[in-house]
Amino acid sequence: MKAAVFEREGVLTIKEVERPQIKRPDQVLIEVEACSICGTDVHITAVPAGYAATNGTILGHEFCGYIVEKGADVQHLEIGDRVVVNPNNYCGVCTYCRKNLPNQCEHIEALGIDYDGAFAKYCLVSGKVAYRISKELPAEAAACVEPLACAVNGLHKVNVQPGSSAVVIGSGPIGLMITLLLKASGAGRIFLLETAPYRIDFARKLGAAEVLDPIHMDARKIVLDATGIGADFVFDVTGSQIVSSIDYVRKGGTVVLFGVNKNARAEVAQCEITTKEISVLGTWLANATFPEAIKILETQVIDVQRLITDIVPLEKIHEGLEKLRAGRAVKVIVKP
């Protein structure tokens with residue numbers, strides 16, 4: 001089968017590889033229907049790499065497909081089932097797994113990073129991380145369950161009430177999903193901060209929030225004037241805006257740090273957190289939120305198809321990666 005293989009830094013090659021074979025009784029083989037390009041994939045293929053992956057690994061971890069084979073121990077799924085996959089395979093027995101925190105598993109393995117992923121015709125995974133999803137849902141939407149499950153985990157950290165105010169920093173797919181979830185939860189004033197022209201225009205057309213460009217606008221003043229005291233909640237989806245987040249949030253409010261930027265460093269005035277009595281929370285991956293994310297899409301609580309800007313075949317995956325790298329796309333779907 002053809003697959004997009006991460007050879008080494010800066011080299012992603014479309015090449016023929018062996019079709020994976022079931023080796024353990026707990027595994028399922030999935031025929032990939034659609035796989036979304038994640039920001040992590042963009043970072044992995046950058047030079048220098050912004051995120052580490054194992055050389056020789058097939059990338060791709062946000063996907064949906066149909067089970068074509070299964071091991072003898074897989075009882076909860078059947079051949080022909082359409083599934084989505086939690087790409088972070090947890091051990092189930094370490095201290096964090098036993099604390100019901102599988103996203104913090106001490107032995108976690110990441111699909112498309114540590115082992116072969118879904119930018120290919122077939123993908124092999126453990127049955128325990130596969131979840132049934134409706135066959136009626138468009139493949140492009142189903143391929144977005146994984147990032148949505150991560151966004152839902154972030155929303156679980158806070159208690160959004162009707163009329164709440166929120167600032168979301170960054171209008172990539174996750175930022176826009178959080179924005180749509182906030183709106184569906186009844187948030188009254190939502191401000192979305194973005195600096196890339198394409199994404200500013202896209203976010204404004206989406207119409208889910210007031211879009212502010214902090215480079216050319218006094219975004220802090222606009223938020224303060226609108227709320228009187230600052231936002232109830234601030235979500236940093238860039239991984240580098242903790243200082244700005246503290247500026248935008250009200251006293252007693254909550255900052256949720258979502259994005260991961262391992263190169264970001266910031267000097268934080270700790271007294272601002274103390275005297276404003278701010279809660280600062282981190283959120284990482286999905287934590288038992290796949291069933292909820294699936295239900296959100298199946299019942300059309302939000303429409304993630306509105307975020308899809310490009311659909312490409314596997315052979316044109318490099319075009320999709322470059323458009324994302326240049327900020328000229330939001331969600332790119334690969335159909336192998």
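Colleague: I've got that two strands count as paired if DSSP finds at least two bridges between them. In strand 2, what is the bridge partner of Phe6?

Modeller: The bridge partner of Phe6 in strand 2 is Leu12. Strands here are DSSP runs of E with at least two residues, helices are runs of H or I with at least four residues, and both are numbered from the N terminus. Before going on, please keep in mind that this is a predicted model, in which local features need pLDDT of at least 70 and side-chain atom pairs count only at pLDDT 80 or more, while totals for chains, interfaces and linings use all residues. Residues are numbered from 1 along each chain as its sequence is written, and side-chain values use heavy atoms, with hydrogens and water left out.

Colleague: How many bridges join strand 1 to strand 2?

Modeller: Strand 1 (residues 2-8) and strand 2 run antiparallel and are joined by 6 bridges. They belong to an open sheet of 3 strands, with antiparallel pairing and the order 2-1-4. Its edge strands are strand 2 (11-16) and strand 4 (57-58), each of which pairs on one side only.

Colleague: Stepping back, how many helices and strands does the protein chain have?

Modeller: The protein chain has 11 helices and 18 strands, and its C-alpha atoms fill a box of roughly 60 × 40 × 40 Å along the principal axes. The radius of gyration, taken over C-alpha atoms, is compared with a globule rule of 2.2 Å times the number of residues to the power 0.38. For 336 residues a compact globule would come near 20 Å, and the chain agrees, with 20 Å.

Colleague: What share of the residues is buried?

Modeller: Buried residues are 51% of the 336 in the chain, where buried means under 20% relative accessible area, exposed means over 50% and partly exposed lies in between, with a 1.4 Å probe and protein chains only. Counting contacts (heavy atoms within 4.5 Å), 69% of those with a separation of 6 or more are between residues 24 or more positions apart.

Colleague: Which residues of helix 4 are buried?

Modeller: Helix 4 (residues 145-155) is mostly covered, with 11 of its 11 residues buried; among them are Val145, Glu146, Pro147, Cys150, Asn153 and Leu155.

Colleague: Strand 11 and strand 12: parallel or antiparallel?

Modeller: Strand 11 and strand 12 (residues 189-193) pair in the parallel sense over 5 bridges, and Ala166 has Ile190 of strand 12 as its bridge partner. Strand 11 (residues 165-169) is largely enclosed by the rest of the structure, because 5 of its 5 residues are buried.

Colleague: Changing topic, where is Pro48?

Modeller: Pro48 is in the loop between helix 1 (39-44) and strand 4, and a cis peptide bond, with omega about -5 degrees, joins Val47 to Pro48. As background, most peptide bonds are trans, and most residues other than glycine have a negative phi.

Colleague: What about the phi of Leu285?

Modeller: Leu285 is not a glycine, yet its phi is positive, about 60 degrees, and Ala288, also not a glycine, has a positive phi of about 60 degrees. Leu285 lies in the loop between strand 16 (279-282) and helix 10 (290-298), and Ala288 is placed between strand 16 and helix 10 too.

Colleague: Is Ala288 buried or exposed?

Modeller: Ala288 counts as exposed because its relative accessibility is 59%, whereas Leu285, at 15% relative accessibility, counts as buried.
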